[in-house]
Amino acid sequence: MSLPGCSGGSGRVAEGLRRAVGATALLAMLLLGGCTDGYPPPQREPVEPQLMSTGQLLKSLNTMGRRAADRSTWTYRLTGACELVVVVESGADRGETVVLLKGTRFQLGYDKALSAYEVQAVPPGAQTPAERPVLKTADWADAVFANSVLWHLQQDCA
């Protein structure tokens with residue numbers, strides 16, 4: 001039995017229903033694609049330091065150094081003797097530290113006063129970190145990544 005004015009309408013109703021179901025499924029996939037199962041979303045593209053050149057490793061350190069926790073700018077360069085030169089500039093103040101990569105151990109620390117993570121250098125034969133850290137950042141991921149980058153720079157110098 002067909003309703004008046006609706007002849008052949010069942011095909012159009014079915015097509016509309018199919019479109020609505022398809023749109024709902026697409027929306028659900030997009031929304032569920034944003035779920036991270038409780039993990040925070042990644043803040044930047046993942047990188048693999050083991051595949052990076054020395055220049056790329058230094059560039060990544062310099063990028064992190066521009067996001068330093070203490071509003072300073074941290075810049076890095078490598079000498080031919082495998083020494084990492086760390087320059088920290090804050091306004092008119094400028095400090096420079098040279099870190100010998102061979103034999104230095106890098107570790108993570110925390111500056112409670114600044115609420116910042118540090119990458120610290122422990123010189124060969126020393127038990128405690130050097131006075132100045134190699135990086136100070138509010139981002140734990142940057143500190144961990146910088147630690148890995150420094151290890152890979154050491155391997156490039158070996």
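Me: Which residue takes a positive phi in the hairpin of β2 and β3?
Reply: G91 does, with phi near 65°. Two residues lie between the strands of that hairpin. This is a predicted model, where local features need pLDDT of at least 70, side-chain atom pairs count only at pLDDT 80 or more, and totals for chains, interfaces and linings use all residues. Residues are numbered from 1 along each chain as its sequence is written, and side-chain values use heavy atoms, without hydrogens and water.

Me: What makes β2 and strand β3 a pair?
Reply: Strands pair if DSSP finds at least two bridges between them. Eight bridges join β2 to β3 (residues 93-100), and the two run antiparallel.

Me: Why is the link of C82 and C157 called a disulfide?
Reply: The term requires a pair of cysteine sulfur atoms within 2.5 Å. C82 and C157 have S to S 2.1 Å, so they qualify. The structure holds one disulfide. C82 sits in the loop between β1 (73-78) and β2 (83-90), C157 in helix α3, 75 residues apart.

Me: What makes that link of C82 and C157 left-handed or right-handed?
Reply: The angle about the S-S bond is -100°, and the link is left-handed.

Me: Why is Q154 called buried?
Reply: Its relative accessible area is 14%, so Q154 counts as buried. Q154 is in helix α3 (residues 140-157).

Me: Which residues does Q154 touch?
Reply: L101, T104 and F106, leaving aside residues up to four places away in sequence. Contact means heavy atoms within 4.5 Å.

Me: How far is the backbone oxygen of T104 from a polar atom of the Q154 side chain?
Reply: The two atoms lie 2.5 Å apart.

Methods
Helices (H or I, at least four residues) and strands (E, at least two) are DSSP runs, numbered from the N terminus. Buried means under 20% relative accessible area, exposed over 50%, partly exposed in between (1.4 Å probe, protein chains only). A polar contact is a pair of N or O atoms within 3.5 Å; within protein, one must be able to donate a hydrogen and the other to accept it, and residues adjacent in sequence count only if both atoms are side-chain atoms.
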